[in-house]
Amino acid sequence: MNKVILVTGANSGIGLALCERLLSVDTECLQLCLACRNMRRAEAARSALLTSHPKAQVALLQVDTSSISSVISAAQEVKKRYDRLDYLYLNAGIMPNPQFDVNAFFKGLFSRNVITMFATGEGILTQQDGVTPDGLQEVFMTNLFGHFLFVRELEPMLCRAGRTSQLVWTSSSNAHRSAFSLEDIQHKKGTQPYSSSKYASDLLSLTLNTHYNKQGLYSSVICPGFVMTNLTYNILPSFPAFLWTLFTPIFWLIRMFTNTFTLTPYNGAEALFWLFKQKPESLDPYAKYHSLTSGLGNNYTQPRKMDIDLETSESLYEKLLQLEREVRKKLKDEQKESPP
């Protein structure tokens, strides 16, 4: 029986690399759905995949995880198309208006934390968040809450008797407990919304296992490592992309000291691909599965304990459920007020 796999943010970077790797192993028994915001780019990605795998089953789905109505509409479309969903890769994410703290960077160069700084961006990256038309913080909505709503909408497909389904969240080494607050889950008051949203995804994955494992749904978290993608290039928006290549020898040198510098989307997708081949019951809900690349260029996956606890994750889950009730009520009220 064909396995149905849906990947959000699949038109480029790690998401597209995952799709390529999946199809390289099996084109006959996979139904792949690229869930993307920009359909022009999604069409280009689909064409590229079909060029190398002409027999593959590759469908497109438009979804903007920063929009409540888009998420709900996309979920309804998925339920019309498929009668099952085996893997849901929650990969779409943004880091808007990143600010690079040059002073902190040069200070970090001469500290004992230099490798950690390069590997995680800790202390040198901040962002200026926006607000969506729905009135929610943009990074929170796009990276976390939009995906949460998607999962909730697709719950009947994901929780089916007699079989298992997997959620896989693309998190980050930039997910820090210090950036997250239960009193401000949308991170309205801080300057690290990306870090906050990724730490929240770590927490949410844990509690989803608590609530859904008995129904056959399992959730895992991965970290792709330091990968050269559009998100990375946007850290220095005024810095021409081609000049990043000048840093390549430095990055290769750093890789000799830290295996987190995966550098390419193919390498960064290692943990995503590895999880596809695992039995979900055997996975550790407290672990983040890291894509790693050795100094010699060998890829492997390694679980590392996350800095999370069940109490905090349950509290976040309850707050997300409450927010879900609020946005659904608001959406229902708006539909009543709008003319037929």
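Axes are lines fitted to C-alpha atoms, for helices over the stretch in contact (heavy atoms within 4.5 Å), and angles run from 0 to 180 degrees between N-to-C directions. Helices (H or I, at least four residues) and strands (E, at least two) are DSSP runs, numbered from the N terminus. The model is predicted, with local features requiring pLDDT of at least 70 and side-chain atom pairs counted only at pLDDT 80 or more, while totals for chains, interfaces and linings use all residues. Residues are numbered from 1 along each chain as its sequence is written, and side-chain values use heavy atoms, with hydrogens and water left out.

Helix H6 (residues 138–153) packs with helix H13 (residues 310–337) at an angle of about 80 degrees, the axes being 11 Å apart. H6 is therefore roughly perpendicular to H13 (65 to 115 degrees). Residues making this contact include Phe140, Phe145 and Phe148 of H6 and Tyr317, Leu320 and Val327 of H13.

An open sheet of mixed pairing is formed by eight strands in the order E3-E2-E1-E4-E7-E8-E9-E10; two strands pair if DSSP finds at least two bridges between them. Strands E3 (57–62) and E10 (299–305) stand at the edges with a single partner strand each, so one side of each has no neighbour in the sheet. On average, neighbouring strands of this sheet are turned by 25 degrees against each other, direction ignored.

Strands E8 (residues 217–223) and E9 (residues 287–293) pair in the parallel sense over three bridges. Lys288 in E9 is the bridge partner of Val221.

Helix H1 (residues 13–25) lies across E1 (3–8), E2 (30–36), E3 and E4 (87–90), and runs at about 170 degrees to E2. Helix H3 (residues 68–81) also packs on the sheet, where E1, E2 and E3 are touched. The direction of H3 makes about 150 degrees with that of E3.

Notes:
Angles under 35 degrees count as roughly parallel, over 145 as roughly antiparallel, 65 to 115 as roughly perpendicular and the rest as oblique.
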